[in-house]
Amino acid sequence: MVEPLAIASQLLAQLQQAIPSPLASGDRSGRSGPSTWPQSIPLYRGKDTQRILYISPVALQLAKQESMPPMEIAQAIAEGFPDSRPPEFALPLGAKHWSLSVVPPGKLYLELTDPGIAIWLQRAITWDLPPDPTPDPRPFPPSGELDLFPIQYAHARCCALLRLAHREGLITLQTPTHPSQEQLTAPDRIPWLESPTHLKPHHPAERALISQAIATVDALSSPVSLPQMPSRFPVATLLSQDFLTFYAQCQIWGSVKSQDPDLAQARLGLIFLTQKLLKRLLEKELSSVAPQEL
C-alpha cells in the first residue's frame, strides 16, 4: 500500500470531512443517515491526461437522500473543503494546491495545481515504497498469456538512462550500477517548477506520464483480491506506454542538457519515478522480474 502518496485516498478523506455535519449524519430532518454514508463517496479521474482532475458527484447522491438542490449541497462541501485536510496524511497538500469548482448540475471538480503536482513529484521520488505485508501467492501469471516484455523493456530503458545521466553528471545515484535499487542523492531537489505557478515539464508527453504515474499510485493503493491480480497488468502497460512516448518525444541530452539543464533534470526525475513504479508493478504486483538491461 502506498496511501501516503495516493491523491484519491487523500481527496476521499478530505471530502468526507468537508461534508456539512447535518448532511453527513442525516439529521437535517431528524432522521438517521444511510448506513453506507459517507463511506461510499463517488470519485473518479477526468479523462484529460494533461490535467490531474478528479470529479465527485457526491452532491447529486446526497441530494436524492436529503431533498435539497444538488448545487446547494456541492457549494456547501466546496466551502468546507479548504479546512478539511486530514492530519494523518504525510503528503503536504493544502488548499492552495487545489483548484476547486462546482459544475452544474452539482459535481465537484478538483484539480491539482502545478505547485501541488511539484510537491507530489518530489515526495514520490524520495518515498521508499514499502513492501506489501501480504505474502506473495502463487507464481503469477499462472499461464504465459500476459506479455510482460514491453513493461520489462521500459524498466530496463529507465535504468540505462539513469546510469547514463549519472555518468554525465546530470544526477547522482548512490550506486549507479544498480539504479533500480537506489535513491537520487543529487540534486537535493528536482527543479520541477519554472515559475511559482507553472511546471517545468509541460510537454504533452510529460504531462501524460505524470498523470499516469499518479493514476498508478492511486491503483496501487486500492486493495486487490487474488482473482483481480491481472488488473495490475493494464496499469503497468499504460505506464510503460506513456513512458515510451515520453522517451521518444522529450529530449534529455544535446541542446536540452547544455541550454536547459533544469529541464533535463526534471525529465530524469520523471524517469526515476517511472522506474520505481515499474519495478514495484513487475516484482510485487505481477510476480515477475524487473531487468536492469535487455
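This dialogue walks through some features of a predicted model.

Visitor: What does the secondary structure of the chain come to?

Guide: The chain has 10 helices and 8 strands. Of its 294 residues, 48% count as buried. Among the contacts in the chain with a separation of 6 or more, 71% are between residues 24 or more positions apart.

Visitor: How are two packed helices described?

Guide: The description of two packed helices uses the angle between their axes and the distance between the axes. Take α7, residues 204–220, and α8. Their axes come within 9 Å and cross at roughly 160°. That makes α7 roughly antiparallel to α8, because angles over 145 degrees count as such. The crossing of α7 past α8 is left-handed.

Visitor: Which residues in α7 meet which in α8?

Guide: On the α7 side they include Ala205, Leu209, Gln212 and Thr216. On the α8 side they include Val235, Leu239, Phe243 and Phe246.

Visitor: At what angle do the axes of α5 and α7 cross?

Guide: The axes of α5, residues 114–126, and α7 cross at roughly 60° and come within 12 Å. The two helices are therefore oblique to each other. This crossing of α5 and α7 is left-handed. Asp114, Ile117, Trp120 and Leu121 in α5 meet Arg207, Ile210, Ala213, Ile214 and Val217 in α7.

Visitor: Back to α8. Is phenylalanine 243 buried or exposed?

Guide: Phenylalanine 243, found in helix α8 at residues 232–249, has a relative accessible area of 0%. Phenylalanine 243 is buried because that value is under 20%.

Visitor: What does phenylalanine 243 touch, beyond residues up to four places away in sequence?

Guide: Phenylalanine 243 touches Ala154, Arg157, Cys158, Leu161, Leu209, Ile271 and Thr274. Of these, Leu209 is also among the α7 residues that meet α8.

Visitor: How is a pair of aromatic rings described?

Guide: The structure holds 3 aromatic pairs. One of them joins phenylalanine 243 and phenylalanine 246, at 6.3 Å centre to centre with 40° between the planes. That pair is tilted.

Visitor: Where do phenylalanine 243 and phenylalanine 246 lie?

Guide: Both are in helix α8, 3 residues apart, which is about one turn of the helix. Phenylalanine 246 is buried, as is phenylalanine 243. Phe243, Phe246 and Tyr247 form one aromatic cluster.

Visitor: Which residue lies over the face of tyrosine 54?

Guide: Arginine 45 does, at 5.3 Å from the ring centre.

Visitor: What is the relative accessible area of alanine 205?

Guide: For alanine 205, which also lies in helix α7, the value is 5%, and alanine 205 is buried. Leaving aside neighbours within four places in sequence, alanine 205 is in contact with Thr245, Phe246, Gln249 and Cys250.

Visitor: Now the backbone. Which residues does a cis peptide bond join, with omega about 0°?

Guide: Alanine 186 and proline 187. Proline 187 sits in the loop between β6 (184–186) and β7 (193–195). The peptide bond from proline 104 to proline 105 is cis too, with omega near 10°. Proline 105 is in the loop between β3 (98–103) and β4 (107–112).

Visitor: Which residue has a positive phi although it is not a glycine?

Guide: Serine 287, with a phi of about 50°. Serine 287 belongs to the segment after α10 (261–285). Its relative accessible area is 25%, and serine 287 is partly exposed.

How values were computed. Residues are numbered from 1 along each chain as its sequence is written. This is a predicted model: local features need pLDDT of at least 70, side-chain atom pairs count only at pLDDT 80 or more; totals for chains, interfaces and linings use all residues. Side-chain values use heavy atoms; hydrogens and water are left out. Helices (H or I, at least four residues) and strands (E, at least two) are DSSP runs, numbered from the N terminus. Buried means under 20% relative accessible area, exposed over 50%, partly exposed in between (1.4 Å probe, protein chains only). Contact means heavy atoms within 4.5 Å. Rings of Phe, Tyr and Trp (its six-membered ring) pair if their centres lie within 6.5 Å; planes under 30 degrees apart count as stacked, over 60 as edge-to-face and the rest as tilted. A charge sits over a ring if NZ of Lys or CZ of Arg is within 6 Å of the ring centre and within 35 degrees of the ring normal. Axes are lines fitted to C-alpha atoms, for helices over the stretch in contact, and angles run from 0 to 180 degrees between N-to-C directions. Angles under 35 degrees count as roughly parallel, over 145 as roughly antiparallel, 65 to 115 as roughly perpendicular and the rest as oblique. A crossing is left-handed if the near helix is turned anticlockwise from the far one by less than a right angle, and right-handed if clockwise.
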